[in-house]
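This report describes the packing inside one protein model. Please look at the sequence and the structure first.

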Amino acid sequence: MKKVIILGAGMVGRAMAIDLSKSYSVTSVDINKKNLDLLTEEYSINTVEANLSDSKIIEEVIADADLIVGAVPGFMGFKMVQTVINSGKNIVDISFFPEDPLSLNELAIKNNVIAIVDCGVAPGMDNIILGFHNERMNVENFVCMVGGLPFTRTLPFQYKAPFSPIDVLEEYIRPSRIVENGKMVVRPALSEPELIEFDQIGTLEAFNTDGLRSLVNTIKIPNMKEKTLRYPGHIDIMRNMRDMGFLSKNEIEINGNKISPIELTAHLLFPQWSYLPGEKEFTLMHVIVEGFENGVKRKYTYDLFDQYDTASNTSSMARTTGYTCTAAATLVLQGLYSEKGVSPPEFIGRSENCYGFMMNYLKERGVIYKMNMF
């Protein structure tokens, strides 16, 4: 049986470990014993308690693995992926680190490694959808709106984080790259808010974030943008916090102690933004792909509305993000995707077989993208 090592056992990492353990020998690695104990209580999953910020430890724990799945916080992601590639191991990663993953492409090719990055719900499935259509039509416009939210709206934030709060805060300060009329433009995060009505949940607020990531370099389309969805009012609070310096990475000195404001903010928000056991939440995504197909004007829309799974006690964000990653991991493990180097998800979408496999894999787990053609 092939061996899979999952680096990180947070909410999404645990969901991926459980999913892959049905077909492979899985070992989960994390510094947090409580996270690991949640896996050993009910599942036949091996666990290793280890500090994944140490490259030597990573090299040791992945030595006999057939595939690595990366699920560490974003600030650890680049170094972790680099270490795995240097070890000559294939990896599928969802850490969404701020550095450019394509900068590791030459290293991956040199080490004969398959490295699929940004393979979650978004970035991830939206890239795969665009990659699929971009191979088959002349795409002129791509839009992705996506968000994960609790059903219960609690003031002031009306939000909870399904993963590391500091990774969420990073979305609110990282400049947003958008493509307009064939040119990349940069706008501040949280800019250009608009109210969007969704049948399942009502009115949400969409605003610019840097979700296109690799797409600005790998696919040439005249117009592309990605927006994050939140309940109305959240954006004003986060803008004020950003403008007041609470999201600054520049250290300040207080009573002789140096501290990073964004790290302090993340620490204070963590208890407020943490989901309670069994708390209901949802993931919503709306994707638009417009252009010409065989000379005919065509518009495709994809809609996802996924909810907390009470049967397995698995959050929607863990399902939609994690199962996209495990689907890609299965592609690699089964030899269905074998391109060496760093592959953002849009590369997977180029193949009709891979695209179909991903959609079917998710559908079997109740994560359903409804496609309409106009």
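A nonpolar core is a set of buried Ala, Val, Leu, Ile, Met, Phe, Trp, Tyr and Cys residues joined through side-chain atoms within 4.5 Å. Buried stands for under 20% relative accessible area, exposed for over 50%, and partly exposed for values in between, with a 1.4 Å probe and protein chains only. The model is predicted: local features need pLDDT of at least 70 and side-chain atom pairs count only at pLDDT 80 or more, while totals for chains, interfaces and linings use all residues. Residues are numbered from 1 along each chain as its sequence is written, and side-chain values use heavy atoms, with hydrogens and water left out.

**Cores**

In the largest nonpolar core there are 67 residues, and M285 and Y369 have the most contacts inside it. Helix α11 (residues 316-333) contributes the most to this core, namely 10 residues; helices (H or I, at least four residues) and strands (E, at least two) are DSSP runs, numbered from the N terminus. In soluble globular proteins, nonpolar side chains tend to be buried together.

A contact is defined by heavy atoms within 4.5 Å. Not counting residues up to four places away in sequence, Y369 touches V121, M125, I129, M285, Y302, D303, L304, M359 and L362.

**Helix packing**

Two packed helices are described by the angle between their axes and the distance between the axes. Axes are lines fitted to C-alpha atoms, for helices over the stretch in contact, and angles run from 0 to 180 degrees between N-to-C directions.

What share of helix α1 (residues 11-20) is buried? Of its 10 residues, 8 are buried, so α1 is largely enclosed by the rest of the structure. These are V12, G13, R14, A15, M16, A17, D19 and L20. They pack against β1 (3-7), β2 (25-30), α2 (33-40), β4 (67-70), α11 and α13.

The axes of α1 and α11 are 8 Å apart, at an angle of about 45°. The two helices are therefore oblique to each other; angles under 35 degrees count as roughly parallel, over 145 as roughly antiparallel, 65 to 115 as roughly perpendicular and the rest as oblique. From α1, the contact uses M11, V12, A15, M16, D19 and L20; from α11, it uses M317, A318, T321, G322, Y323, C325, T326 and T330.

Helix α11 also packs on helix α13 (residues 352-364), where the axes come within 9 Å and cross at roughly 135°. That makes α11 oblique to α13. Here Y323, T324, T326, A327, A328, T330 and L331 of α11 meet C354, F357, M358, Y361 and L362 of α13.

**Buried residues**

| Residue | Location | Relative accessibility |
|---|---|---|
| T209 | loop between β11 (202-208) and α8 (215-218) | 4% |
| L284 | strand β15 (residues 281-293) | 2% |
| V84 | helix α4 (residues 74-86) | 0% |

The contacts below leave aside neighbours within four places in sequence. T209 is in contact with E171, S176, E226, K227 and T228. L284 touches M145, V146, G147, F198, Q200, I201, L204, L229, L304 and F305. V84 is in contact with L7, I58, I62, I68, K89, N90 and I91. By contrast, V84 and E197 are 113 residues apart in sequence and 43 Å apart in space, C-alpha to C-alpha.
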